Amino acid sequence: MSVAVAGFGVRRSSVAGGLPEDIDGLLVTAAENVRYLTGFSGSHGAVLIDRGGSGILATDGRYLERAAAEAPGVECVEARRATPALVEHAVTRGIARLGYDAGSVTVEGFDVIAAAAGDATTLVRGPRIVEALRAVKDPAELEAVSRACEITAAAFHAVIEGVGAGVTERELDWQLQAAMRANGAQGPAFDAIVAFGPHSAIPHHEPTDRPLARGDLMKFDFGACVDGYRADMTRTVVLGPAADWQRELHAQVAHLQAELRRAAVAGTLPRDLDAAMRKGLTGLGHDPLHGLGHGVGLAIHEDPFLTENSPAPPLEVGTVFTIEPGIYQPGRGGVRIEDTLVITESGESSALTETTRALLEV
């Protein structure tokens, strides 16, 4: 992702400006948040943000050159134990109340940073400022997500063109990964779901050695990763002519998904969209088995969450999220159709995973 150094500085300043009055600094430890605020993509690191928006990135010796290249606009210190080292810097800087990532700090990790803080600094649960900022993508982020979605769609068509009876779920998973990499992805965005026949009725099925048979529904839930940003798409197709029940099931999901995409506009509460999905499914005589969707970006599941009790604020321009209703009939098969969408300047949503949603009979 090409983001100017100043852009990361703006993000850090936004975090500082969003700190409650009773917090003097924020210790950021979640890898995606560290990358968002500094550009550093290594697996070991943490960042300290003070009220002035200044940042200190701590990492160990393995990543110093990488940190210098990826995060030139932030002070970097070497430390085998990044989080206690930054707490010590907070103490030195007179930060009396230090917020921390409650969602990413373990009980053991808290004990470590509490020992570093001693009596000089009080640790408090930090607000989800960074996660809220990440929910709305800037142009560089949208470019990366869009490219990931394009690669995802291209991989789907490349694999579907050659699919035939006898291929296993695992083999198609590998083919999807190869097709995404061949088109420029750095890798898969997450572990794909490739599910044949009755397996397609399992919402989060893991690929097995089950071979594809004529008449099977095939559910593909996968995505590419580009510059750390991810895509998420689900399509359900059938090998050979579809049975009437398969066509009906697919038509129900496709109609509902299209309605929900149209309803996903700026100002809409994510939980209201989820409620609309639940109403639609129950009206068709089906039980909802999962939430409607989730944000997509540096993580495959991030704010906003389109779920029943989601506290997420209304959608706004630049928000990237999924719409993925599904109907599942255990022992028989299931259909899910999922797109990654963005709220555009017009206030309407636009699908970034733009490929056919029709029931393909291959």
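Two strands are taken to pair if DSSP finds at least two bridges between them, where strands (E, at least two residues) and helices (H or I, at least four residues) are DSSP runs numbered from the N terminus. The model is predicted, so local features need pLDDT of at least 70 and side-chain atom pairs count only at pLDDT 80 or more, whereas totals for chains, interfaces and linings use all residues. Residues are numbered from 1 along each chain as its sequence is written, and side-chain values use heavy atoms, with hydrogens and water left out.

A nonpolar core is a set of buried Ala, Val, Leu, Ile, Met, Phe, Trp, Tyr and Cys residues joined through side-chain atoms within 4.5 Å. The largest has 58 residues, and Phe222 is one of those with the most contacts inside it. Helix α7 (residues 139–161) gives the most to this core, with nine residues.

A search of the whole structure finds zero disulfides (pairs of cysteine sulfur atoms within 2.5 Å). For Cys225, the nearest cysteine sulfur, that of Cys149, is 11 Å away. The table uses relative accessible area (buried under 20%, exposed over 50%, partly exposed in between; 1.4 Å probe, protein chains only).

| Residue | Relative accessible area | Class |
|---|---|---|
| Cys76 | 32% | partly exposed |
| Cys225 | 3% | buried |
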